[in-house]
Amino acid sequence: MKRHIGIVLVVSLLFGCGSRTATPAGVVGLARAVLTAQTIEPIGVADSAAAAPTLGQLIGQKLVVRMDGATPSADLLGRIRRGEVGGIILFGPNVTTPTALIALTAQLRAAAASGGQPRLLIAVDQEGGPIKRIPWAPPTLSAPQMGRLGSASVARAQGASTAAALRGLGIDVDLAPVADVPASTASFMYRAGRTFSFSATRTALLTDAFASGLESKGVVPAMKHFPGIGFATRNTDAYVVTIRASRAALAPGLLPYRMAIRHAIPLIMLSNATYPAYDARNAAGWSHAIGVTLLRHDLGFTGVTITDSLDGTAKARGLWTRVLAVSAARAGTDMILTTGSEASTRGVYATLLRQAELGSIPLATLRASYDRILALKAGL
């Protein structure tokens with residue numbers, strides 16, 4: 001079944017983005033906010049009847065951040081309310097009981113609604129096997145187990161059951177499936193038990209089916225880690241990894257993405273590895289050559305791109321996370337995932353906003369990302 005994302009006009013911000021937490025008060029709040037805020041030029045001709053988002057909102061919608069503990073701080077809720085955060089990623093320390101998790105996700109979304117902001121995305125890594133942030137929820141099979149079975153119907157059912165559980169908890173993005181095709185048993189992803197198969201064809205079939213299952217129950221899949229880290233022998237979150245394979249050698253790893261793009265996959269995560277075959281200097285997450293030229297122009301992807309977490313790779317590179325975040329924004333990556341402390345993610349927002357004010361991040365690039373992000377949210 002062909003997947004799709006609804007096309008959203010800016011007017012739809014005022015009259016229903018599909019959020020379960022949206023209220024008339026929230027709509028009125030947004031109308032009041034856009035009438036009183038300092039705004040920039042309109043995004044496009046179709047939105048002439050509605051005020052454009054502020055520069056702060058353009059930046060805020062890009063950011064997916066973690067929260068400290070099982071209860072959101074007043075500061076984090078304030079940032080969400082002001083539109084400085086577009087999504088939250090949940091980890092083990094944020095998860096206690098089903099009842100508490102439902103209350104948490106409702107509280108986070110209510111903060112966005114009360115500020116008149118677009119729907120807040122709530123994401124989790126729920127791959128199955130060793131990576132399950134919600135321990136009691138599906139998938140019941142790991143990627144290698146699904147790979148050995150080789151059944152698209154089983155993979156789709158696993159995705160659907162996972163989505164039903166996540167959606168019931170208030171979570172609407174699963175940072176899965178892993179589409180990396182291991183080049184050998186030395187692959188760190190293979191050794192971690194996170195890959196489906198050594199076969200690119202089988203990986204493509206099963207990851208596409210799992211993603212379809214997620215979408216069938218209202219959860220956004222994020223296929224990762226483009227253009228593939230199957231050749232990597234060390235963790236790209238902890239080491240500076242350069243994959244020196246040729247384009248011909250990397251081509252099989254693109255097969256899962258080609259199939260998923262034909263079915264309108266809505267979200268793709270870019271890897272933290274560098275690929276000299278495409279870009280000798282920049283890792284995929286902040287490479288225009290990979291995230292735009294290869295993924296969008298060559299493969300035809302029209303959805304949202306997101307970085308892998310920038311914090312670990314920034315530390316490995318001896319850089320501040322905010323430096324890589326600015327590079328990613330300049331390169332045209334839509335959403336930026338940062339999993340450091342709340343204080344550090346506040347700094348990332350402030351730096352991005354300042355660079356945008358200085359004109360260091362092209363306004364047209366920010367607008368294009370904002371439109372894609374809001375279309376993704378409208379599809380929910």
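## Legends to close-up views of the predicted model

**Figure 1. The salt bridge between Asp68 and Arg66.** With a relative accessibility of 33%, Asp68 counts as partly exposed. The model shown in this and the other views is predicted. Asp68 pairs with Arg66 in a salt bridge, in which the closest N and O atoms are 2.9 Å apart. Strand E1 (residues 63–66) and strand E2 (residues 87–90) run parallel and are joined by three bridges.

Figure 2. The chain contains 14 helices and 12 strands. Eight strands make up an open sheet with parallel pairing, and their order is E11-E8-E7-E6-E3-E2-E1-E12. E11 and strand E12 (336–338) are the edge strands; each has a single partner strand, so one side of each has no neighbour in the sheet.

Figure 3. Strand E8 (residues 267–270) runs parallel to E11, and four bridges join the two. Within this pairing, Ile268 stands opposite Thr305 of E11. In a regular strand, side chains alternate between the two faces of the sheet. Which residues of E11 cover its two faces? Val304 and Ile306 lie on one side, Thr305 and Thr307 lie on the other, and all four are buried. Both faces of E11 are therefore covered, since buried means under 20% relative accessible area.

**Figure 4. Helix H4 and the residue that follows.** Helix H4 covers residues 98–114. Its 17 residues should span 24 Å at 1.5 Å a residue, and the end C-alpha atoms are 24 Å apart, so the two values agree. The buried residues of H4 include Leu101, Leu104 and Leu108, together with Ala111, Ala112 and Ala113. Thr105 and Arg109 of H4 are buried as well. Just after the helix, Gly116 has a positive phi of about 70 degrees.

**Figure 5. The buried salt bridge between Asp172 and Arg119.** The closest N and O atoms of the salt bridge between Asp172 and Arg119 are 2.9 Å apart. Asp172 sits in the loop between helix H6 (152–168) and strand E6 (173–174), whereas Arg119 sits in the loop between H4 and E3, so the pair ties together parts that are 53 residues apart in sequence. Are the two partners buried or exposed? Asp172 is buried, as its relative accessible area is 0%. Arg119 is buried too, with a relative accessible area of 4%.

Figure 6. Asp334 and Arg372 meet through their side chains in a salt bridge, at 2.8 Å from N to O. Asp334 belongs to the loop between H12 and E12, and Arg372 belongs to helix H14, so this pair ties together parts that are 38 residues apart in sequence. Asp334 has a relative accessibility of 0% and counts as buried. Arg372, at 22% relative accessible area, is partly exposed. In a further group, Asp125, Glu127, Arg133, Arg194 and Lys224 are joined into one network by salt bridges that share partners. Across the whole structure, 12 salt bridges are found.

Figure 7. Helix H14 comprises residues 363–378. At 1.5 Å a residue, its 16 residues should span 22 Å, which agrees with the 22 Å between its end C-alpha atoms. Among the buried residues of H14 are Leu366, Tyr370, Ile373, Leu374 and Leu376. Arg367 and Lys377 of H14 are also buried. Against which elements do the buried residues of H14 pack? The helices are H2 (55–60), H12 (321–331) and H13 (342–357), and the strands are E3 (121–124), E7 (220–226) and E11 (304–307).

**Figure 8. A nonpolar surface patch, with values for the chain.** Leu319, Trp320 and Val323 make a nonpolar surface patch of about 310 Å². Val323 belongs to helix H12. With 38% relative accessibility, Val323 is partly exposed. The accessible surface of the chain is about 14,400 Å², and 58% of it belongs to carbon and sulfur atoms. The chain has 380 residues, of which 57% count as buried. Of the contacts in the chain with a separation of 6 or more, 76% are between residues 24 or more positions apart.

Notes. Residues numbered from 1 in each chain as written. Predicted model: local features only at pLDDT ≥ 70, side-chain atom pairs only at ≥ 80, totals over all residues. Heavy atoms only, no water. Expected span 1.5 Å × (residues − 1). Buried < 20%, exposed > 50% of the residue type's maximum accessible area, 1.4 Å probe, protein only. Contact = heavy atoms within 4.5 Å. Patch = residues over 30% accessible without salt bridge, like charges linked within 9 Å, V, L, I, M, F, W, Y side chains within 5 Å. Areas by Shrake-Rupley, 256 points an atom, 1.4 Å probe, with all protein chains shown as cover. Salt bridge = Lys/Arg side-chain N within 4 Å of Asp/Glu carboxyl O. Pairing = 2+ DSSP bridges.
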